[in-house]
Amino acid sequence: MASIEIENLTKRYGATTALDNVSLKIESGEFLVLLGPSGCGKTTLLRCLAGLETPDEGEIYMDGELVFSSKLNRIVPPGKRNLGMVFQSYALWPHMTVRNNVKFGLDVLNLSESDSKDRLDQVLKDLGMGDLQNRYPSELSGGQQQRVALARLLATKPPVFLMDEPLSNLDARLRMDMRVELKKFQASTGSTTVYVTHDQTEAMTMSTRVVVMRDGRIQQVSPPSQLYKRPENTFVADFIGMPRINLIKANRSDGKNRLYSNGDIDIDIGWDEAPSSIVVGARPEDLKISKEELKGSQAYEVSSVLPNGPETIIQLTRGGTILLARIGHEIDLHEGEKVTVQFDQKALNVYDAKSGALLGPPIDTNGTN
Amino acid sequence: MDLAIRRDSPLMRLVLDPVNILLMILLGILFYLVLWPFLELVLHTITWGDGDRRLSRDAVPGEYTWFHWLQVTASPLSERMLYAPLVNTLITGVISTVIALIVGGGLAWCVIRSDMPGKGWLQPVLTLPYIVPSFAIALAWETVFRSPKVGGQPGLYETVLGIPPPEWVSYGTFPISITLAMHYFPFAYLLVAGALATIDSQMEEGALLSGASRMMILRRITFPVVAPAFAAAFVLTFGKTIGQFALPFLLGAPTQFHTIATMVYANLALGLDSMAYVLAILLILMSLLAIWASNKFVGNNARRFETISGKGFRSRQVALGGWRWPIFWSVATFGFVVGILPLILLGYQSLMLIDGFFNLSNLTMHFWTGQSDPEIAMGEPGVLHNTNILGAAWNTIELAFFSAVIASLVGLVIAYIVVRKESNPLAKMLDQIAFIPFLFPSIAFGAMYLTMFAEPRGPIPALYGTFTLLVLISVVNRLPYSVKTGVTAVTQIGRELEEAAEVAGASWGRRFRKIIAPLASSGVVTGMMVSFVGVMRELSLIILLITPSTRVLMTVGFNYAEEGLTQLSNALVLIVAMITIAGELILWWAGKSRLVQLREKQS
């Protein structure tokens, strides 16, 4: 088991900067997910950890050992970093059987024949590939190929797992099953895992911590629940959550400290110290919808109703402002109906209008409600 | 610790990276084998040589001079040495290319886009003339149209009709153009067929719906879309015809009809080396000009004619209706006449005791199985007993085998470097240098190696007259093709396959051996077979470098033809043709089964 430390890592491709001064500490045994839109640098960071890319600046320590340093001109090649990697395409060697695919890494280690055989048999058995070991990758289903990739990873018992979108080639149902399996797999080996994905559900369900990246920079590092409840800037707030968060740009109403308005709607943020220009972040489930007129609430028109199994997403319009709300089955709404909306003051996040950074804490940060 | 850090440093990693080391070594080798010989050729033409004293009193061996260039371009000799052959080269080149394109294009349309019957077996028959050595066709032509005016026995034409053919049919522009066209139309056919296969028939259906006639669609839609492919095919075919040596030599030299290529050979035979090299350089320039023109035209228009949009691609065959069978019979007859008849003629002719007498009592197996008889063919025994020929056959197989294997492996390594190090400008340079031999007309390439390796140079001994030199030139000549094959193969191997092995700790050598080579093997082995067949039928490339101890079947056959021992020459060429055809059949069959395998794997 190994911890990983990344210090001031920068990687440029010509004029574009793929990683911009990234620093990160990954605890031993952690399941860390790198999340972000395509081109945010998450895969580059993973490949730098693997040693498949050479950063321009910075240091990387693995298990306390310096594996890359631009200052000391030190690069430890991938094979010497003691890690295993699962690729997006699985990268199974098509000309080798399942068994030989898994065996390759052991051959490189120059293990004794019997040691190698025992370990191989064990790994194949653990992953339920025993019957399929003489097949070729092209003769396997997507899920089975995935498992071969995991077996290959496991065979050499590396303390660090790197995974590059390993589930993106599977269909939706299989992906769900594999998420559970991967999580168990990681927990049982206890290896430090760095996992790249652009799928936030995957990130939220599997990780111990999530790193959200954008344009080569880290935006936020948090456990998944906090990431959702307490996004540290408007980008993360907007990126995490389906349907997306309501971000309302508002100015302080004259003479009233806690009351903000964007011209169409008024929001009481319940906090006195915010500046005059802010962005209010309200998750769709933080809007309380009612058919009755409530004190201090404003009237909206239901402009769209999108039922989605256990919940219904509704679109609300007031003037030029459109909000999304998530409701259960307790009320039945139709397009064109008038409803009133109350914001759950405790759940609101307030951001600086200019920088997009999270401002003071009006809510209970640890609270799970 | 200190040492470890130094070996881990980026600079040392760059220097110690085996791929970079290979890149530098290959660059050095290719520079030496491709660019230097060209410089050497140019230098030779602007330097007085030892033999030049008999040409000019001013000659000072080793000094620079324009003498050879002036002799070739602006002297009383120029007309015969340069201008007339230049005109001949251009005329035969253009005529044969135009015919090859029209015939090849028409056949490509019939095979790819129409519902003509019998395509399956017509296709290989139609490519036969390109598979057999080019001068087999010239020999077959001679067998029919030989004119006794030039000497020797009458051909089949005269025997049947009783009157000799007009001389313009026997020798010169007409037969050379026709036979060149016969040899190269399959080449044009393959190029145009490739383009036609990419046409989405919805484009044509669109025109059909707006009421256009079939001819109009062909003229206004189909042809303009394949025009760039036609232009490219024109230039490539033309470039190949001008480098042809044996064919124009056999059908031109008897009447002093010369092309630049045959003039290179003739000058070398006369000991006028530098003149020959000037002509070789001019030949290279013509080829460069043609390629440049094609790049300019096709390059500018390529985007405009991109026809595969990826979505909803359909290729529908055009119904020929009542024309179906007449067209089939014409194509089949044509295929027989150009593909099979020449081989039959060669075979028949090789059985005639006295050349030119076409009756059964004249038939003999002497030239195949006979023992030496001083009365016949200057005592040369039949080809199957002739130690000369058996030696040449062995040489041929060795040459083709070694060249094909080396060219394919080197091609694969170069391709690997080119694909994996694409951002490295040196890798790009390697790619470009490896392509350059494609631009050298083969006889000019031979001339380059003649100047380069005639005498020892540094640590490299004089390779002229050695088997090694033949392998060397054949390998370098095949490189543009083998690199292309290799690039296709390596590109299909995902980068992650290799990275997975890298993460597992496998060294580069291990990765190349265990991952790259096995995965590229099927493509590379096919390329190897293509090279094997290609080297085997090559004559123009090596004719200048052959010595008695290194003779191969093609050069022995050519020498027999030069000496008028037509039966022996025909028998030999027929043997080579059979071997190359067998090779192609294996390839064709293997290619088919490989396609099936691929489809199974993908499903």
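Chain A of this predicted model has an open sheet of 5 strands, paired antiparallel in the order β16-β20-β17-β18-β19. Who sits at the edges? That would be β16 (287-290) and β19 (321-327) of chain A; each has a single partner strand, so one side of each goes without a neighbour in the sheet. Going from one strand to the next, the twist averages 45 degrees.

Zooming in on one pair, β17 (residues 298-308) and β20 (residues 338-343) of chain A run antiparallel and are joined by 4 bridges. Across that pairing, A:Q298 stands opposite A:V341 in β20(A).

Now for where the chains meet. On chain B, 20 residues are in contact with 25 residues of chain A. The elements of chain B giving two or more residues to that side are α1 (2-8), α2 (10-16), α22 (495-503) and α23 (508-536). The largest share, 7 residues, comes from α22(B).

Last stop is helix α19 (residues 425-435) of chain B, whose buried residues are B:A427, B:L430, B:D431 and B:A434. They sit on the same side of α19(B) because they cover an arc of only 100 degrees around the axis. The general rule behind this is that an α-helix has 3.6 residues a turn, so residues three or four places apart point the same way. Cover for the buried residues of α19(B) includes α3 (18-45), α18 (387-420) and α21 (467-491) of chain B. Over on the other side of α19(B), B:P425 and B:Q432 are exposed.

Definitions and conventions. Residues numbered from 1 in each chain as written. Chains lettered and ligands numbered in written order. Predicted model: local features only at pLDDT ≥ 70, side-chain atom pairs only at ≥ 80, totals over all residues. Buried ≥ 20, exposed ≤ 12 C-beta atoms within 10 Å, placed from the backbone. Arc of directions from axis to C-beta. Contact = placed C-beta atoms within 7 Å. Pairing = 2+ DSSP bridges. Axes fitted to C-alpha atoms, helices over the stretch in contact; angles between N-to-C directions.
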